Amino acid sequence: QPRVFSAMQPTADSLHLGNYLGALRQWVALQEDYDAIYAVVDLHALTVAPDPEALRRRSRITAAQYLAAGVDPERSMLFLQSHVPEHAELAWVLGCLTGFGEASRMTQFKDKSAKQGAEGTTVGLFTYPVLMAADILLYDAQLVPVGEDQRQHLELSRNLAQRLNSRFGDIVTVPEPYIVKDTAKIQDLAEPTAKMSKSGNPSGLIELMDTDKVIAKRIKSAVTDAETEIRYDRENKPGVSNLLAIHSAISGTSIAELEAEFSDKMYGHLKVAVAEVVLDAVAPIRERVTDLMAHPGELDEILAEGARRARVIAGETLARVYDAVGLIPAG
Ligand code: ATP
Ligand code: MG
């Protein structure tokens, strides 16, 4: 069976609607036809210097959200990145194949480092896309479901895979991005020209773990524009377009149908309708997360079992790469 790999960072206590629509929902669907491997990439989360207790909590609750959304540990592997040391080990080899200039072109690094300032910007944040390439290449994944914001990082993963193969013989699979156009980029509600982001402003976020009341309030306060017309136009009406995209992604109603349905209505009506579909989608996930978090022992056991299975594959790939680049196996 072809293989799919994807992951998210435990950088917040909740995933947001962009993570869900852009990635997690696809993960669940892809389990049907793929050998699926999904990780909580806790090593990546260290790039933002989290409080240790918060990181532990976030790692577990991120895994719980995967399960609550429908990732099935009987069919798919689910684990914490730090439980599989091969990720960090392969990242070193790949880092030695990555040009400094090549890494410097990553736009997400430019954005995040600008936000964190020179003092807060670490080497880890800079090399994050190299670790991400290791995450993917270790499992010979053919397909990587991600949001649009990860396209450039995935291109780097592909380049590194091709470089390994052309220099050292065919040793890894070159991955393809799987980006679902309509849901690939959910924008921030308060600042609709920026992507919704865990590290963004809370007022712009729809978090899966928020209460109905908070979610409804954030949607009600979403930034729109000074016109009154409900029309999809990303360029000139980013806020309204984002609301239409969210509704459409969840309800399955096309944007054109929504435009017709709301043609004689006001922004307030659209917001009420969006809040309704979002709450229907999110509430059952939130309830299941609460149940799962009440039994942390069971959750940890699922993660341990996932790591055991993942290590078998990761170990084989790392041994193949080490050997190809000229490292001598321990006797
Ligand atoms: P951070 O701000 O810490 O980077 P994030 O919100 O970008 O958090 P990640 O853990 O980096 O979340 O990404 C997890 C997955 O969610 C990735 O596949 C990413 O492409 C996707 N994703 C993130 N933000 C969005 C968004 N606004 N719309 C669609 N997909 C998104
Ligand atoms: Mg991100």
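Visitor: What volume does the largest cavity have?

Guide: This is a predicted model. In it, the largest cavity has a volume of about 60 Å³.

Visitor: What makes it a cavity and not a pocket?

Guide: A cavity is a set of points where a 1.4 Å probe fits but cannot get out, whereas a pocket is an open set. With a cut-off of 30 Å³ or more, the count comes to one cavity.

Visitor: Which residues line the largest cavity?

Guide: The lining is made up of M106, Q108, F109, K112, L125, Y128, P129 and H153. Two helices, α6 (107-120) and α7 (123-137), each supply at least two residues of that lining.

Visitor: How do the lining residues divide into nonpolar, polar and charged?

Guide: Five are nonpolar, two are polar and one is charged. Lys counts as charged, so K112 is the charged one.

Visitor: Which residues of α6 are buried?

Guide: They are Q108, F109 and S113. Buried means under 20% relative accessible area. These buried residues pack against α7 and α8 (151-168).

Visitor: Where does α6 bend, and by how much?

Guide: The bend is at A114, and it is about 70°. That value is the angle between axes fitted to the seven residues ending there and the seven starting there.

Visitor: Now the backbone. What is noted about the phi of A49?

Guide: Phi of A49 is near 50°, a positive value in a residue other than glycine. Most residues other than glycine have a negative phi. A49 sits in the loop between α2 (42-45) and α3 (52-69).

Visitor: Why is A49 called exposed?

Guide: Its relative accessible area is 66%. Exposed means over 50%, so A49 qualifies.

Visitor: What phi does D140 have, and where is D140 found?

Guide: D140 has a positive phi of about 50°, although it is not a glycine. D140 belongs to the loop between α7 and β4 (143-145).

Visitor: Why does D140 count as buried?

Guide: Its relative accessibility is 19%. The limit is under 20%, so D140 falls in the buried class.

Visitor: How confident is the predictor in the residues?

Guide: The protein chain averages a pLDDT of 96, on a scale from 0 to 100. Of the residues, 100% score at least 70. Local features need pLDDT of at least 70, and 100% of the residues reach that mark.

Visitor: What scores does the complex get?

Guide: The predictor gives an ipTM of 0.98 and a pTM of 0.96.

Note on methods:
Residues numbered from 1 in each chain as written. Chains lettered and ligands numbered in written order. Predicted model: local features only at pLDDT ≥ 70, side-chain atom pairs only at ≥ 80, totals over all residues. Heavy atoms only, no water. 1 Å grid on protein atoms, 1.4 Å probe; cavity = no way out; pocket = protein on both sides within 12 Å on 5 of 7 lines; lining within 4 Å. Points joined across faces, edges and corners; volume = space filled by probe spheres on them. Helix = DSSP H or I, 4+ residues; strand = E, 2+ residues; numbered from the N terminus. Buried < 20%, exposed > 50% of the residue type's maximum accessible area, 1.4 Å probe, protein only. Contact = heavy atoms within 4.5 Å.
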